[in-house]
Amino acid sequence: MTDVIDSRGKHRAVSGSTRPRPRLLTDPELHAYTPTLWTRVRSVAAATVIADVTACLLAWLLTGIDARPALLMTAIVVALFAGSKLYDSRLNLSALDDLPAVAGRWIIACAAVAIVGAGVESRPMANVVEELHVLAFPLALLALVLIGRALVYAAIRWARRTGRVGHLALILGAGVVGHEIAQLLQDHPQYGLRPYCFLDSDPKVVDSIDVLPVLGGPEELERTLTDNRIHVVIVAFSSMKESEMVPLIRTCDRLESELFVVPRLYELHHVEGDMDTVWGVPLVRLRRSAYRSPMWRVKRLGDIVLSGLALVVLSIPMALVALGVRLDGGPGIIFRQERVGVDGRPVTVMKFRSMRPVNEAESQTNWNIAKDNRLSAFGKFIRKTSLDELPQLINILRGDMSVVGPRPERPYFVEQFQQMYPAYGARHRVPCGLTGWAAVNGLRGDTSIAERARFDNYYIQNWSLWLDIKIIVRTVGLVITGAGG
């Protein structure tokens, strides 16, 4: 048995051969690996954006072309590079690796500038091409972009090796592969990751490296990340079942953590897409959670604009529905009900009343009223056409909900579903929505809860603005055909 130090400074026994007692970093050492404004400024994204813009401006100054096409070219190049993930942080930085993608976007930018120039000037393409110095400015730009990236990447690798920038890494899995990753990161600091500790409920001890502490099992992941200001997690074949590890890893979605996974049969893997390597060992970089994506702010702005415009445009139809509810069922036009929103927080959702419940208990525990004989003809109509949902535009405008997201459920049922379906609670990682991926695929009302959770979690994991637009378009189609109720 061997003693290691847990995160509270206490010793505990770990089975295995004798090894030196590990040492946790001191507060000053931890501070060196805590991201600050300066380290963010020196990030891969910021540095490469600055390098690319500088390359464009230098090409303009060297060739002396008109400022308008030069500025347009700069804007298009930066936009295309950003859309192609050429500003994403990577463990391996190489200008030669970037060359195919950079050249492809450079060709598109050249064509776009030439077409815009021909349209604005209304002159033959040959004259425009000549004036834009296609054989000077774009070629100079391409060369300077590659040179600038090579210099920036060299500077970042140097800063990583010398410890001026970097992140602490937690390794989930203290087996042979986990220790190999730790050894490689220690031997090759140019990746910018310093292994800090392992998490594993059944650690396998290897004496060949300067052993890191095992701070508990995988269930300690969130607390360990928070307590020790760790920003990188590498999943490397823990003793825990993968099905049990998924909900634990999802807890990192709201934390500032980057997640890498060593794939099974990694010796046979072809590195592509979102994969990276650590000295020949492939790592899959898991997609950043939707909530931490820069485009999530655009989503919120879109929610405000769409809900605000919808409330104005639909004010008269909403007034007519409100009048119909009043005439059909008397006072109490708006029906308020508590639902579970993001992070399990309660949200008071508003709807036009389609039926008056006997009491609050019935409101919270009656699963489906679609076939309730107390529903009037008007109540069935507004439910079938989803007109009863329109007051939720106010919920969206004030930030309780989003236009698109998992449909909110009542606390009584959420408690039951979380016990029956382990993946159900993960739906609450993002704000609930007026419509959602599960809803437009027919999973509303009395349908499979397990399938709803699967579709909602797929939406969260694969979120994009385009997916939101697709869901909104499909929702409009369902409302028009009357299939949305």
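Is Val44 buried or exposed, and at what relative accessibility? Val44 counts as buried, at 5% relative accessibility, where buried means under 20% relative accessible area, exposed over 50% and partly exposed in between (1.4 Å probe, protein chains only). The legends below describe a predicted model, in which local features need pLDDT of at least 70, side-chain atom pairs count only at pLDDT 80 or more, and totals for chains, interfaces and linings use all residues. Residues are numbered from 1 along each chain as its sequence is written, and side-chain values use heavy atoms, with hydrogens and water left out.

**Figure 1. Overview of the chain.**
The chain has 19 helices and 12 strands; helices (H or I, at least four residues) and strands (E, at least two) are DSSP runs, numbered from the N terminus. Of its 485 residues, 46% count as buried. The accessible surface comes to about 24,200 Å², and 63% of this surface belongs to carbon and sulfur atoms; accessible areas come from the Shrake-Rupley method with a 1.4 Å probe, and for residues only the protein chains shown count as cover. Among contacts (heavy atoms within 4.5 Å) between residues at least 6 apart in sequence, 71% join residues at least 24 apart.

**Figure 2. Surroundings of Val44.**
Val44 lies in helix H3, which spans residues 44-63. Leaving aside neighbours within four places in sequence, Val44 is in contact with Asp88, Ser89, Leu93, Ile156 and Arg160. Val44 and Tyr153 are 109 residues apart in sequence, and their C-alpha atoms are 8.0 Å apart in space.

**Figure 3. Crossing of helices H4 and H7.**
Two packed helices are described by the angle between their axes and the distance between the axes. The axes of H4 (residues 67-83) and H7 (residues 137-161) come within 12 Å and cross at roughly 45 degrees. Axes are lines fitted to C-alpha atoms, for helices over the stretch in contact, and angles run from 0 to 180 degrees between N-to-C directions. H4 and H7 are therefore oblique to each other; angles under 35 degrees count as roughly parallel, over 145 as roughly antiparallel, 65 to 115 as roughly perpendicular and the rest as oblique. The crossing of H4 and H7 is right-handed, a term used if the near helix is turned clockwise from the far one by less than a right angle, with left-handed used if anticlockwise. From H4, Ala70, Met73, Val77 and Phe81 meet Phe137, Pro138, Leu141, Val145 and Arg149 of H7. By class, this contact of H4 with H7 has 8 nonpolar residues, no polar ones and 1 charged. Ala, Val, Leu, Ile, Met, Phe, Trp, Tyr, Cys and Pro count as nonpolar, Asp, Glu, Lys and Arg as charged, and the others, Gly among them, as polar.

H11 (residues 295-313) and H12 (residues 315-329) pack at an angle of about 65 degrees, with their axes 4 Å apart. Ala310, Leu311, Val312 and Val313 of H11 make this contact with Ser315, Pro317 and Met318 of H12. The residues of the contact of H11 with H12 divide into 6 nonpolar, 1 polar and no charged. The axes of H11 and H19 (residues 465-481) come within 10 Å and cross at roughly 30 degrees; H11 and H19 are therefore roughly parallel to each other. This contact is made by Met295, Val298, Lys299 and Leu306 of H11 and by Leu465, Asp468 and Ile472 of H19. The contact of H11 with H19 has 5 nonpolar, no polar and 2 charged residues.

**Figure 4. Loop between helices H14 and H15.**
Pro391 lies in the loop between H14 and H15 and is buried, with a relative accessible area of 2%. Not counting residues up to four places away in sequence, Pro391 touches Met318, Ile334, Met350, Lys351 and Phe352. The C-alpha atoms of Pro391 and Lys351 are separated by 5.3 Å, although these residues are 40 apart along the chain. Ser386 lies in the loop between H14 (377-384) and H15 (392-397) and is buried, with a relative accessible area of 13%.

**Figure 5. Positive phi at Ser386 and Arg229.**
Most residues other than glycine have a negative phi. Phi of Ser386 is near 65 degrees, a positive value in a residue other than glycine. Arg229, also not a glycine, has a positive phi of about 55 degrees. Arg229 is found in the loop between helix H9 (221-228) and strand E5 (232-235) and is partly exposed, with a relative accessible area of 32%.
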